[in-house]
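The exercises below are meant to be worked with the model open, and each task is followed by a solution that goes step by step.

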Amino acid sequence: APSRRPPYDPSIAPSDPFAGHGGVAPEEPEAAPAPKGPEPEITTDTEYSGEFLRSLREARGIELRDVATRTRIPMHHLRALEEEDYKVLPPAVYTRGFVIELAKTLRLDPESVARSYLRRLRKAVAA
């Protein structure tokens, strides 16, 4: 009924937007880092190396810590992916999952990135 509505509305949306914060505006979130340099070119022949993924992430202004938070991949594994430190990476099935999540975060085709990255991993391990 309309007569009951006015007292209810202020309880869900107080007129003072900072009422729940002790009258203080909430802290501004940290600004995203500025993009660093041009993005590397992506073609159908692009080899998705750790270095390529790092340079793309940096060019897009995405911090490694943000990737870790979004994907829940531990920082040491993300660093190992970018540095191609294969000894630190888990078995290939898990590494593939990490690469797919990283690719999604960077708005890349997950299957292409995983295929290319794991090809590099297999070559390096076989050598």
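**Exercise 1.** In which hand, left or right, does helix 3 pass helix 4?

*Solution.* The model is a predicted one, in which local features need pLDDT of at least 70 and side-chain atom pairs count only at pLDDT 80 or more, while totals for chains, interfaces and linings use all residues. Residues are numbered from 1 along each chain as its sequence is written, and side-chain values use heavy atoms, with hydrogens and water left out. Helices are DSSP runs of H or I with at least four residues, strands are runs of E with at least two, and both are numbered from the N terminus.

Begin with the geometry: helix 3 and helix 4 pack at an angle of about 120 degrees, their axes 9 Å apart, where axes are lines fitted to C-alpha atoms, for helices over the stretch in contact, and angles run from 0 to 180 degrees between N-to-C directions. That angle makes helix 3 oblique to helix 4, given that angles under 35 degrees count as roughly parallel, over 145 as roughly antiparallel, 65 to 115 as roughly perpendicular and the rest as oblique. The crossing of helix 3 past helix 4 is right-handed; a crossing has this hand if the near helix is turned clockwise from the far one by less than a right angle, and is left-handed if anticlockwise.

Next, identify the residues: Leu-64, Arg-65, Val-67 and Ala-68 of helix 3 meet Met-75, Leu-78, Arg-79 and Glu-82 of helix 4, contact being heavy atoms within 4.5 Å. By class, this contact of helix 3 with helix 4 has 5 nonpolar, no polar and 3 charged residues, where Ala, Val, Leu, Ile, Met, Phe, Trp, Tyr, Cys and Pro count as nonpolar, Asp, Glu, Lys and Arg as charged, and the others, Gly among them, as polar.

**Exercise 2.** Determine which residues of helix 3 are buried, and how they are arranged about its axis.

*Solution.* Buried means under 20% relative accessible area, exposed over 50%, and partly exposed in between, with a 1.4 Å probe and protein chains only. In helix 3, which spans residues 64–71, the buried residues are Leu-64, Val-67, Ala-68 and Thr-71. Viewed down the axis, these buried residues fall within an arc of 100 degrees, so they line one face of helix 3; the arc is that of the directions from the helix axis to the C-beta atoms. Arg-65, Thr-69 and Arg-70, on the other side of helix 3, are exposed. The packing partners of the buried residues are helix 2 (50–59), helix 4 (75–83) and helix 5 (92–105).

**Exercise 3.** Describe how helix 3 crosses helix 5, and which residues meet there.

*Solution.* The axes of helix 3 and helix 5 come within 10 Å and cross at roughly 115 degrees, which makes helix 3 roughly perpendicular to helix 5. The crossing is right-handed. Val-67, Arg-70 and Thr-71 of helix 3 meet Glu-101, Leu-102 and Thr-105 of helix 5, and the residues of this contact divide into 2 nonpolar, 2 polar and 2 charged.

**Exercise 4.** Is Thr-46 buried or exposed, and which residues does Thr-46 touch?

*Solution.* Thr-46 lies in the loop between helix 1 (5–12) and helix 2. Its relative accessibility is 14%, so Thr-46 counts as buried. Leaving aside residues up to four places away in sequence, Thr-46 touches Glu-41, Phe-52 and Ser-116.
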